[in-house]
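Biologist: I would like to learn how to read helices and their packing from a set of coordinates. Please take me through one case.

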Amino acid sequence: MENNNIKDQIEQADNDLLVKMVMDAFHRTIVHYGQWFAEVQHQLGMEKAMEIENMVWDSSYLNQVTRLSKTLGFDLEDGIPAVLKKLTKEELLSLIEKLGVNWLANDGIWFQAVENRYNMNDAKRCNDTCWGRFSPFEAFRIKKLLCLPDNGGIPALKKALAFRMYAAINKQSIEDVNENCIIFRMNECRVQSARKRRGLDDYPCKSGGMVEYPTFAATIDSRITTRCIGCPPDEHPDEWYCAWEFTLHES
């Protein structure tokens, strides 16, 4: 009788194929995790999805990193790869910058893939919907990272803006209007600067920004409202690409 043991097939594969499968397993896990989050958000709403994801990540991450540390032979300290804790401050800042660049490049590659296969309108619709999910999620994670209160007001928002993925790779500034109002400016943007170097017009990112910034601010403190001062395709001065006003309404 023929042996149809499925596991025999993978055990007979050569090392090159097995290495590719290892990398593809990471890929599948990341995509599957994101699909779970997107569907829970669709079924239960963003707020509940973020609460559930918070519980899932704490358990899932610890399970995965502990298993990998035993298999690959690296040490953990408080659930974190020890090698990270041995890096200098300068090395950590450099790593955070590189992670930010990878994140932004990943975003751009997705956009271009949809645009090239279909059109700019479809890419922008996908982009704006993604910002509607990612921006509040990022704000939620930053609140947890920095232990910010739910009603931290403008001080909490200023702190949170400094810990976004963007903050490590773009030049940004904040102007204090008063204790309940600030103006945030994107002085240098990697995406727009790259387009400028190539002689292209600004990318019209306002539709995405109108989703991104209000949802980020409201997740930090639901009393904060957002007003767009200017964002491409709007005209803007050389000193900034986009500017946003955040106001706390205490009543």
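Predicted model: local features only at pLDDT ≥ 70, side-chain atom pairs only at ≥ 80, totals over all residues.

Modeller: Start at the N-terminal end of α6, which Asn-119 caps: one of the Asn-119 side-chain oxygens lies 3.1 Å from the backbone nitrogen of Asn-121.

Biologist: Which residue follows α6, and what is its phi?

Modeller: Cys-147 follows α6, and its phi is positive, near 55°.

Biologist: How far apart are the end C-alpha atoms of α6, and what span should one expect?

Modeller: Helix α6 covers residues 120-146, which is 27 residues, so at 1.5 Å a residue it should span 39 Å. Its end C-alpha atoms are 37 Å apart, which agrees.

Biologist: Where does α6 bend?

Modeller: The bend is at Trp-131 and amounts to about 25°.

Biologist: What describes two packed helices?

Modeller: The angle between their axes and the distance between the axes describe such a pair. Take α6 and α9: their axes come within 8 Å and cross at roughly 20°. That angle is under 35 degrees, so α6 counts as roughly parallel to α9. The crossing of these two helices is right-handed.

Biologist: Which residues of α6 and α9 meet?

Modeller: On the α6 side they include Lys-124, Asp-128, Trp-131, Gly-132 and Ser-135. On the α9 side they include Ser-207, Gly-208, Val-211, Glu-212 and Phe-216.

Biologist: At what angle do α7 and α9 pack?

Modeller: Helix α7 (residues 153-161) and helix α9 (residues 206-220) pack at about 125°, and their axes are 9 Å apart. This makes α7 oblique to α9. Their crossing is right-handed. In α7 the residues involved are Ala-156, Leu-157, Ala-160 and Leu-161, which meet Phe-216, Ala-217 and Ile-220 in α9.

Biologist: How do the axes of α3 and α6 cross?

Modeller: The axes of α3 (residues 46-72) and α6 come within 11 Å, crossing at roughly 55°. The two helices are therefore oblique to each other. Contacts on α3 include Met-46, Met-50, Asn-54 and Trp-57, and those on α6 include Gly-132, Pro-136, Phe-137 and Phe-140. The α3 and α6 crossing is right-handed.

Biologist: Now the loops. Which peptide bond is cis, and what is its omega?

Modeller: The bond from Pro-232 to Pro-233 is cis, with omega near 20°. Pro-233 is in the loop between β5 (224-230) and β6 (242-248).

Biologist: And where is Asp-78, and what is its phi?

Modeller: Asp-78 sits in the loop between β1 (76-77) and β2 (80-81). Its phi is positive, about 55°, although Asp-78 is not a glycine.

Terms used. Residues numbered from 1 in each chain as written. Heavy atoms only, no water. Helix = DSSP H or I, 4+ residues; strand = E, 2+ residues; numbered from the N terminus. Expected span 1.5 Å × (residues − 1). Bend = angle between axes of the 7 residues up to and from the residue. Polar contact = N/O pair within 3.5 Å; in protein donor to acceptor, adjacent residues only side chain to side chain. Axes fitted to C-alpha atoms, helices over the stretch in contact; angles between N-to-C directions. Parallel < 35°, antiparallel > 145°, perpendicular 65-115°, else oblique. Left-handed = near helix turned anticlockwise from the far one by under 90°. Contact = heavy atoms within 4.5 Å.
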